[in-house]
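Please keep the view beside you as you read.

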Amino acid sequence: MQTTIRSAISFDGIGLHSGRPARLTIRPAVVNRGIWFKRTDVDLGDTMIPARWDNVVRSPLCTLIQNRAGVSVSTVEHVMAALAGCGVHNALVEIDGPEAPILDGSSVPFVRGILNVGLRAQGAPVRAIEILKPVTVETQGGWARLSPSKTGQGLDMVFRIDFADAAIGVQEKRLNLANGTFVRELSDCRTFCRASDVDAMQKAGKALGGTYENAVVVDGDKVLSPGGFRHADEAVRHKMLDALGDLALAGAPILGLYEGHKAGHAMTNALLHALFADAQAWRFVDCDAATAATLPGAGVVLDEIPAVA
């Protein structure tokens, strides 16, 4: 069945790119509502933004959603990944500014909050999106693809990255996201950047709230953030976390295989546009108990959250 959270939970921090203080509150929502964001600091007009692929506005380095009135929220990918990875189908996400708080740079604070308050089953089956044929997008040496499942086990993901910095280098990971894999394997993996890019980002008005505590900064073969990586392949794991958050903007869990090669937020959103432009490439299905058990978040418990510094 669909789920929502049992009670509201709030998170306080700063925006990674804006550097502005932010409070984000996740509240329960009614069945079949989906995920919506609400700007509580906007007094007039439409303050509600559906968390959907067709509301994404191109923005460098993060995912930004915007309604028809021009009201927006940026850097939604980590909270969206947490909601999808914990199996939350309906929620209202209130925020008192233009950007979600970055917290520690991963999804694990959101996951811990969600699992602490718990989930409540609702009176309708989960509706999922089954991929029926391959859909691919390519750009500047990278590509992303959705194709039919080869395992029949919810969402499989394969991701490959290739960075010049030896601290990252070439990394590839394959995961099936059933039965809490997101919480155990990906939720604690933080955003990362190259030290050589920081000045350029800040001159462009980005990364103004970035610190060594909310991002992993690398310089050649060195990791500048205290404590180093939480996993040897934390960089590619974080890219998978981002991809799950961006895929969650499809509006329903995806049954299929996602592959990304040097892919990012814009490419994953372009992939959703390509998918929904082809009516022969997908269909809605109501999940029976066996299918629902393979979805991200099914059966997750608090003890599965990784112990992080």
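1. Contact, as the word is used here, means heavy atoms within 4.5 Å. Please also bear in mind that this is a predicted model. With that in hand, look at Asp-286, which touches Pro-125, Val-126 and Arg-127 once residues up to four places away in sequence are left out. Asp-286 belongs to strand E20, residues 282–286. Its relative accessibility is 54%, and over 50% counts as exposed, so Asp-286 is exposed. The C-alpha atoms of Asp-286 and Ala-128 are 6.3 Å apart, although 158 residues separate the two in sequence.

2. For a contrast in setting, turn to Val-73 in strand E8, residues 72–74. Is Val-73 buried or exposed? Val-73 has a relative accessible area of 0% and is therefore buried. Apart from neighbours within four places in sequence, Val-73 is in contact with Phe-37, Arg-39, Ile-49, Thr-63, Leu-64, Ile-65, Ile-95, Pro-98 and Ala-100. Ala-243 is 170 residues from Val-73 along the chain, and their C-alpha atoms are separated by 18 Å.

3. Next, helix H1. Of the 9 residues in H1, 8 are buried, which leaves the helix mostly covered. The buried ones are Glu-77, His-78, Val-79, Met-80, Ala-81, Ala-82, Leu-83 and Gly-85. After H1 comes Gly-87, with a positive phi near 75°.

4. How do H1 and H5 pack, and at what angle? Two packed helices are described by the angle between their axes and the distance between the axes. For H1 (residues 77–85) and H5 (residues 234–247), the angle is about 80° and the axes are 7 Å apart. H1 is therefore roughly perpendicular to H5. On the H1 side, the residues that meet H5 are Glu-77, His-78, Met-80, Ala-81, Ala-84 and Gly-85. On the H5 side, they are His-238, Leu-241, Asp-242, Leu-244, Gly-245 and Asp-246. Sorted by class, this contact of H1 with H5 has 5 nonpolar, 4 polar and 3 charged residues.

5. Helix H2, residues 108–117, is also worth a look: 8 of its 10 residues are buried, and the helix is mostly covered. Those buried residues are Val-108, Pro-109, Phe-110, Val-111, Gly-113, Ile-114, Leu-115 and Val-117. Their packing partners are strands E1 (3–5), E2 (9–14), E3 (21–28) and E10 (119–121), together with H1 and helix H3 (181–186). Just after H2, Gly-118 has a positive phi of about 85°.

6. Now for the aromatic rings. How many aromatic pairs does a search of the whole structure find? The search finds 6. In one of these, Trp-53 and Phe-276 have ring centres 4.9 Å apart and planes at 25°, so the pair is stacked. Trp-53 sits in the loop between strands E5 (48–50) and E6 (56–57), while Phe-276 is in helix H6 (residues 265–276), so the pair ties together parts that are 223 residues apart in sequence. Both Trp-53 and Phe-276 are buried. Ring pairs also link Trp-53, Phe-276, Trp-282 and Phe-284 into a cluster.

7. Another pair to find is Phe-163 with Phe-192. Their ring centres are 5.5 Å apart and their planes meet at 75°, so the pair is edge-to-face. This pair links distant parts of the chain, 29 residues apart: Phe-163 is in the loop between strands E14 (155–162) and E15 (170–176), and Phe-192 is in strand E16 (residues 192–194). Phe-163 has a relative accessible area of 25% and is partly exposed, whereas Phe-192, at 14%, counts as buried. A charge also meets a ring elsewhere: the charged end of Arg-33 sits over the ring of Trp-36, 4.2 Å from its centre.

8. Finally, two backbone details. Most residues other than glycine have a negative phi. Asn-179 is not a glycine, yet has a positive phi of about 55°; Asn-179 lies in the loop between E15 and H3. Lys-262, also not a glycine, has a positive phi of about 50°, and is found in the loop between strand E19 (254–261) and H6. Asn-179 is partly exposed, with a relative accessible area of 41%, and Lys-262, at 41%, counts as partly exposed.

Terms used. Residues are numbered from 1 along each chain as its sequence is written. This is a predicted model: local features need pLDDT of at least 70, side-chain atom pairs count only at pLDDT 80 or more; totals for chains, interfaces and linings use all residues. Side-chain values use heavy atoms; hydrogens and water are left out. Axes are lines fitted to C-alpha atoms, for helices over the stretch in contact, and angles run from 0 to 180 degrees between N-to-C directions. Helices (H or I, at least four residues) and strands (E, at least two) are DSSP runs, numbered from the N terminus. Angles under 35 degrees count as roughly parallel, over 145 as roughly antiparallel, 65 to 115 as roughly perpendicular and the rest as oblique. Ala, Val, Leu, Ile, Met, Phe, Trp, Tyr, Cys and Pro count as nonpolar, Asp, Glu, Lys and Arg as charged, and the others, Gly among them, as polar. Rings of Phe, Tyr and Trp (its six-membered ring) pair if their centres lie within 6.5 Å; planes under 30 degrees apart count as stacked, over 60 as edge-to-face and the rest as tilted. Buried means under 20% relative accessible area, exposed over 50%, partly exposed in between (1.4 Å probe, protein chains only). A charge sits over a ring if NZ of Lys or CZ of Arg is within 6 Å of the ring centre and within 35 degrees of the ring normal.
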